[in-house]
Amino acid sequence: MPGRRLVMPALVNAHDHARPLSLTSFGAAFLPLETWLPRSALATPPDAYLAAAAPLARAARAGCAAVMVHYTRPSGRLPLLDEAREVARAARDVGVRMTFALAVRDRNPLVYGASDEVLDDLPAGTRAAIEAAFLRPAPSPAEYVALTEAIAAAIEGPTVAVQFGPAGVQWCSRPLLEAVAERSALTGRRVHMHLLETAAQRDWARREYPQGIVRFLKEIGLLSARLTLAHCVHADAEERALIAEAGAMIVTNFSSNLHLRSGIAPFREARAQGCRVCLGLDGLAFDEDDDMLRELRLVQAVHGPWGFADADDRRRFLAAVIAEGRASLGAPGPGLLEAGAPADLMVLDLDALDRDAILPVDPLDLVFARATAAHVRDVVVAGRRVVADGRVTGIDLPAAEAELRARYRLAVPRDPLLRAWPRYERALRAWYARRIGCA
């Protein structure tokens, strides 16, 4: 017979990229973002549906009802509209709510500046491989806006939403950001982007935007309650105040920032300044297992009150990050378990959580002390049971991951980027040492 169960609101992963497998398996462990990103090209999806279904299923298994997919690495095997359809099909098969934002970049493809200095350091064969991998034509601002709206027309529905997804100010021209801001204001479509993730980006922003990079977003009309900003590790107090004033959202990615050596975001300070905040995994949970429950606990433990202050913060923190996460994704309601609300919930094994059963303990204390994805028994999204007895119901997750591993084992050893990598990485590190000062 089943034992005791704890029913809770389902969680939200408010910033992710639907990466098929852990990037450590592709040799990217503990690289700074500026070298980690190009290395991640080795994990380009071999199949759009399969590569999206696996991470979305892992999210469901960990108790997430809703996931932001900031789609930064298309497979290149399909037109982008068809690729978006495949990602949406994967989300519907798994059963999670999914918000899709096609990432776009139209400047600084290799470094935060002109690429020539890096390319000129490379032998001809290496240079050709790097140019083929990263120097591709970008859509015009009008083309990107039109493509996003075509994707929305093709895939939006009760559990799928679409947002604009400029990759970040360092990767997007002013005309592109202005076009997104204008269309967002006109249509109400939300915008999802990175901001100030690394020290190198902070250094670049000080030089490029002496008035302040967040103030620049305000000047062009992009800073609004429709905007979600991932990371903000290096946002200062003035920038956080502007974000709070606008009602924009900050998604913290605690474990990802540790893996990529980006730093610890001022999440506690952002909360204190009135910023709307939520949580994302960014494809890099602490144990690389997409465990949002562990991430929730880590963030609250590091950024919650110290000492005797505000012992009940955990309850408010949980409610806030779920509600704001859902708002960031455009999911309906704040996630409360009440009559008439969307039926998004997870069921934990309370007997396993309360493993010693010595004294009555507040279940929420047990959750924040020790809950992981292993305690998730069931997940219900929009009334559909997408996890049952700890297993995803909509797809065969072990089979999907096995198929992905088999395909990558065949393809990656022959990838030209892998052969070019040692020389390219040295050139990247040398560029940042000379220009940014973060050797």
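**Exercise 1.** In which strand is the place of histidine 231? Determine also whether histidine 231 is buried or exposed.

*Solution.* The model is a predicted one.
Step 1. Histidine 231 lies in strand S7, which covers residues 227-231.
Step 2. The relative accessibility of histidine 231 is 1%. Buried means under 20% relative accessible area, so histidine 231 counts as buried.
Step 3. Sequence and space may now be set side by side. Histidine 231 and serine 262 are 31 residues apart in sequence, and their C-alpha atoms are 9.4 Å apart in space.

**Exercise 2.** Where is the place of isoleucine 264, and is isoleucine 264 buried or exposed? State which residues make the nonpolar surface patch of about 270 Å².

*Solution.* 
Step 1. Isoleucine 264 is found in the loop between helix H11 (254-259) and helix H12 (267-272).
Step 2. Its relative accessible area is 51%. Exposed means over 50%, so isoleucine 264 is exposed.
Step 3. Leu258, Ile264 and Phe286 make the nonpolar surface patch, which has an area of about 270 Å².

**Exercise 3.** Which strands are joined to strand S11 by bridges, and why is S11 largely enclosed by the rest of the structure?

*Solution.* 
Step 1. Strand S10 (residues 345-349) is joined to S11 by four bridges, and the two run antiparallel. In this pairing, leucine 348 stands opposite valine 376 of S11.
Step 2. Strand S12 (residues 384-388) also runs antiparallel to S11, and three bridges join these two strands. Here valine 379 stands opposite valine 387 in S12.
Step 3. S11 and S12 form a hairpin with two residues between them. Alanine 382, in the turn, has a positive phi of about 50 degrees.
Step 4. Strand S11 covers residues 376-381, and five of its six residues are buried; therefore S11 is largely enclosed by the rest of the structure.

**Exercise 4.** What is the volume of the second largest pocket, and which element gives the most to its lining?

*Solution.* 
Step 1. The second largest pocket has a volume of about 340 Å³.
Step 2. This pocket is lined by 19 residues, and those closest to its centre are Leu21, Ser22, Ser25, Phe26 and Arg405.
Step 3. Helix H2 (48-61) and helix H17 (397-411) are the elements that give two or more residues to the lining of this pocket.
Step 4. With four residues, H17 gives the most to the lining of the second largest pocket.

Note on methods: Residues numbered from 1 in each chain as written. Predicted model: local features only at pLDDT ≥ 70, side-chain atom pairs only at ≥ 80, totals over all residues. Heavy atoms only, no water. Buried < 20%, exposed > 50% of the residue type's maximum accessible area, 1.4 Å probe, protein only. Pairing = 2+ DSSP bridges. Patch = residues over 30% accessible without salt bridge, like charges linked within 9 Å, V, L, I, M, F, W, Y side chains within 5 Å. Areas by Shrake-Rupley, 256 points an atom, 1.4 Å probe, with all protein chains shown as cover. Salt bridge = Lys/Arg side-chain N within 4 Å of Asp/Glu carboxyl O. 1 Å grid on protein atoms, 1.4 Å probe; cavity = no way out; pocket = protein on both sides within 12 Å on 5 of 7 lines; lining within 4 Å. Points joined across faces, edges and corners; volume = space filled by probe spheres on them.
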